[in-house]
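Have a look at the model first, then read on.

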Amino acid sequence: MRADRLVATLLFLQTRGRVTVAELAAELETSERTARRDLEALAASGVPVYSQRGRGGGWSLVGGARTDLTGLTADEIRALFLVAGPLSTTPESRTALRKLVRALPSTLRSGAEAASRAQVADGTDWSRSPVAAQGSHLDALRRAVVDGIQIRLGYARPGSPADERTVHPLGLASKAGAEYLVADTDRGPRIFRLSRITHVEPTGEPVARPDGFDLAEAWRSLAARMEDRMLAATVHARAEAGAETVLRGLFGGRLCIGQSLPNGQMEIEVDGPSPEVVAAQLAGLGRRVEVLAPPEARQRLAALAGELAGIYGPPPGGEMARTGTPAHNESGGVQREPGHQVGSGPRVLDGE
């Protein structure tokens with residue numbers, strides 16, 4: 001701590017030019033006695049600092065001497081503040097950035113301050129639900145990883161009650177906006193999504209780190225296993241050409257568009273964890289998509305149709321309800337249900 005304080009004292013001196021003991025004590029949150037001892041220690045160590053008594057006096061660096069302790073270029077400073085600015089949610093991080101700004105030469109300071117204000121972090125999703133709850137355990141997990149301390153972890157999988165286990169935290173990873181803990185367990189390395197962690201309790205026992213452990217390599221291996229499970233099944237279907245935008249919004253890289261068919265439809269393949277899950281995701285598109293295989297996907301859609309009919313009753317009468325084909329009016333146009341709008345169907349909103 002003494003070395004950190006001396007560095008901070010020197011940075012404060014070179015930024016302000018001349019400071020009083022009281023100003024330095026307030027900046028470093030120490031007593032005036034401690035601040036004076038630190039200034040004297042700098043002078044004793046050979047730093048060209050001197051004091052001037054009387055009105056307007058204080059401590060200064062001889063000849064305005066400067067020491068560039070940051071060693072950062074303008075581009076590096078902007079990159080640092082662009083990343084750290086929106087994440088400065090703790091008092092420690094805000095204090096660190098404030099001290100770094102004061103340590104920068106005046107020519108670089110305005111760019112750093114502008115970069116720190118260039119982004120904003122919103123802790124809610126588009127339904128106004130908080131998504132930053134995982135941050136309540138993030139600091140504790142970071143400390144456990146850095147200090148190498150085992151933790152008792154409360155974890156709740158979707159649809160299951162929370163359980164507790166003791167794990168060896170090895171690192172943190174971020175993927176698609178979600179944070180994960182990489183930890184060693186009695187069943188080998190595992191990843192835990194932070195939003196599902198219910199509590200974190202350090203045990204005081206040291207982490208047993210595997211020999212030659214590399215976090216990036218471990219994450220790639222664990223993520224690949226997870227992706228294999230999430231893409232274990234492929235559903236084959238045909239869809240209206242106009243449904244492509246909605247399909248891409250729903251499935252992204254899990255969607256493969258095949259050849260166009262003579263009737264204006266297109267062949268598609270969708271990957272997912274199981275045929276039943278993919279079928280349920282496609283159900284909202286109604287007759288715009290017809291699932292062809294595997295049989296499990298078609299059976300799931302039939303079961304869903306039966307469940308919905310049991311709740312809401314059969315669809316209204318008419319040719320469309322019986323055959324799935326739009327009825328035509330006498331002029332040759334498509335006869336639509338009252339209130340139906342051309343091109344209506346599932347929509348993907350910006351930001352979803």
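**Asp163 and its partner**
- Asp163 counts as partly exposed, because its relative accessibility is 35% (buried is under 20%, exposed over 50%, partly exposed in between, with a 1.4 Å probe and protein chains only).
- The side chain of Asp163 meets that of Arg165 in a salt bridge, 2.6 Å from N to O (a side-chain nitrogen of Lys or Arg within 4 Å of a carboxyl oxygen of Asp or Glu).

**About the model**
- This is a predicted model, where local features need pLDDT of at least 70, side-chain atom pairs need 80 or more, and totals for chains, interfaces and linings use all residues.
- Residues are numbered from 1 along each chain as its sequence is written, and side-chain values use heavy atoms, leaving out hydrogens and water.

- Searching the whole structure turns up eight salt bridges.
- Glu227 pairs with Lys175, with the closest N and O atoms 3.4 Å apart.
- Glu227 sits in helix α8 (residues 215–230) and Lys175 in strand β5 (residues 163–175), so this pair ties together parts 52 residues apart in sequence (helices, H or I with at least four residues, and strands, E with at least two, are DSSP runs numbered from the N terminus).
- Glu227 is partly exposed at 36%, and so is Lys175 at 38%.
- Glu201 and Arg152 form another salt bridge, at 2.9 Å between the closest N and O atoms.
- Glu201 lies in strand β8 (residues 197–206) and Arg152 in strand β4 (residues 149–155), so the pair links parts 49 residues apart in sequence.

**An exposed tyrosine**
- Tyr312 is found in helix α11 (residues 295–312) and counts as exposed at 65% relative accessibility.
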